[in-house]
Amino acid sequence: MHIDYYPGCTIKTSARQYETSALAVLHALDVQSREMEQWNCCGVVHSLATDNLIRHVAPIRVLTRLQQQGGTELVTLCDMCYNTLAQANLLVQRQPDKGEAINGFIADDQTYGGQVDVLHLLQILRDRIGFQAIKRRVICPLKGLTVFPYYGCKLLRPRAVGIDDAETPSILRDLMQALGATVVDDPIQTCCCGSYHVVNRDAIVAGQVTKIAARAQLQGADIIVLSCPLCHFNLDTHQPRPTDGGQRLPVLYYTQLIGLAFGLPWETLGLDAHHIDPFPLLQHQHSVPLEGERV
Amino acid sequence: MIKITAREQPNELLHKVEELSGQNLFTCYQCGTCSAGCPFAGEMDLLPEQIIRHLTMGINDVLTSKSIWICASCYLCAERCPRDINMAKVMEALRQVQLRRNIDHVQIAHLPPEVLGAVPPMALVANFRKNTG
């Protein structure tokens, strides 16, 4: 299998561990991945005003370039890139007049009409490779780890681009169970983490992250798993120490946990790149043997 | 006593918001589902359904409300609205009305360097796209 993938700005800067672990996991699953050429920032947020077409130029230019490079599908790692690219794609599919105006501004030889399929890596893992195949590849099951999947908003909403049920998603639960972990859920899994408010209203983020971590602790979780680099930053840097003297919950990307279950070398998974150190938990739980013990 | 003047005189802001958002605010029946689910309702001075009511009634405190900047477009309200009003688009329209008057909500030059250096690029791009014109 071959995929074209779009990294986006944060994957190349503060979320490098997401990219290295994702590429290592894809390699282990015999998926050839190619980073698309000449990508630009997607714009991060989808413009919601009816007349603000200029803000759709960034994502549409990305999709135009992929089409010029012969690609038909674009796979993202970041939830916000996924959402912005997919919503812009939907816009040019559903409103050709707006698509024409955007194409006119981009002024490339080739016009773009929404032909590229935008996918999140989680969809590739679930729909193409399959969690059963992933389960068969597991050599170090995550026994002893109780995982709290946190979905946030951009993976699920709006429904038109959501990759799972908007109210009761299960994709991360199913994936983590395939890896041998115990999974706990809570309705707060689909609430926004505070997002970009971390720049100028970080009290909002701190408040929301405190609630999310408290719910996860209450459900018995000892680790949080997610897919969005902004959720990751907020949960990793704004999580307070529990008032009962317990430990903060490490926050890992799903690709890092797949890598651990596959027995991939720890150094390829970027486990040392987190504000909340996951090593004490991982070693204490003996869920992932240091020397890659085969089960 | 409040004199209700909806639709009796030109309501330019309502017209502009409906145009920019593509939403018909008169379909709202004030059930409050938007506020009930909103993770940041507690931070808001006007709740989402109050914003709709104030807009349709021409009460001119909406643009100065901090709620329009608190909404982070998470779409929870939009997905749950039984009247299919996309409140995230209404909030965006209100922000746009302010930003198009050259009133930026965030002064980039005044942000502390330690914040700019610490947060991920996606947080900065998203924040500036929502808070500056």
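This is a predicted model: local features need pLDDT of at least 70, side-chain atom pairs count only at pLDDT 80 or more; totals for chains, interfaces and linings use all residues.
Figure 1. B:Cys28 is buried, with a relative accessible area of 17%, and B:Cys71 is buried with a value of 11%.

**Figure 2. The interface of chain A and chain B.** Contacts link 42 residues of chain A to 40 residues of chain B. The two chains bury about 3700 Å² between them, and 61% of this area is on carbon and sulfur atoms. Of the area that chain A buries against chain B, 22% comes from A:Leu48, A:Tyr196 and A:Val199, more than from any other three residues. Polar contacts across this interface are found for 16 residue pairs. Helix H3 (79-94), helix H8 (202-218) and helix H9 (229-237) of chain A each contribute at least two residues to the side that touches chain B. By class, this side of chain A has 20 nonpolar, 14 polar and eight charged residues.

**Figure 3. A salt bridge between the chains.** Side chains of opposite charge can pair when their charged atoms come close. Chain A and chain B have three salt bridges between them. In one of these, the side chains of B:Arg100 and A:Asp51 meet with an N to O distance of 2.8 Å. B:Arg100 lies in the loop between helix H6 (87-99) and helix H7 (113-118) of chain B, and A:Asp51 in the loop between strand E2 (32-35) and helix H2 (57-68) of chain A, so the pair joins two chains. B:Arg100 is partly exposed at 38% relative accessibility, and A:Asp51 is partly exposed at 41%.

**Figure 4. Salt bridges within chain A.** Over all chains, the structure holds 15 salt bridges. One of them pairs A:Glu19 with A:Arg16, whose closest N and O atoms are 3.8 Å apart. These residues are three apart in helix H1 (residues 16-28) of chain A, which means that about one helical turn separates them. A:Glu19 is buried at 3% relative accessibility, whereas A:Arg16 is partly exposed at 41%. A further salt bridge brings together the side chains of A:Glu73 and A:Arg128 (2.7 Å, N to O). A:Glu73 belongs to strand E3 (residues 73-76) and A:Arg128 to helix H5 (residues 121-129) of chain A, so this pair ties together parts 55 residues apart in sequence. A:Glu73 is partly exposed, with a relative accessible area of 21%, and A:Arg128 is partly exposed at 42%. Through shared partners, salt bridges also join A:Lys12, A:Arg16, A:Glu19 and A:Glu35 into one network.

**Figure 5. The surroundings of A:His232.** A:His232 is found in helix H9 of chain A and is buried, with a relative accessible area of 5%. A polar atom of its side chain lies 3.0 Å from the backbone oxygen of A:Val251. Apart from neighbours within four places in sequence, A:His232 is in contact with A:Gln17, A:Leu226, A:Val251, A:Tyr253 and A:His274.

**Figure 6. The loop position of A:Thr168.** A:Thr168 lies in the loop between strand E5 (146-149) and helix H7 (171-178) of chain A. A:Thr168 is exposed, with a relative accessible area of 59%. A:Thr168 and A:Met1 are 167 residues apart in sequence, and their C-alpha atoms are 30 Å apart in space.

Key:
Residues are numbered from 1 along each chain as its sequence is written. Chains are lettered from A and ligands numbered from 1 in the order in which they are written. Side-chain values use heavy atoms; hydrogens and water are left out. Buried means under 20% relative accessible area, exposed over 50%, partly exposed in between (1.4 Å probe, protein chains only). Contact means heavy atoms within 4.5 Å. Buried area is the accessible area (1.4 Å probe) that two parts lose on being put together, summed over both. A salt bridge is a side-chain nitrogen of Lys or Arg within 4 Å of a carboxyl oxygen of Asp or Glu. A polar contact is a pair of N or O atoms within 3.5 Å; within protein, one must be able to donate a hydrogen and the other to accept it, and residues adjacent in sequence count only if both atoms are side-chain atoms. Helices (H or I, at least four residues) and strands (E, at least two) are DSSP runs, numbered from the N terminus. Ala, Val, Leu, Ile, Met, Phe, Trp, Tyr, Cys and Pro count as nonpolar, Asp, Glu, Lys and Arg as charged, and the others, Gly among them, as polar.
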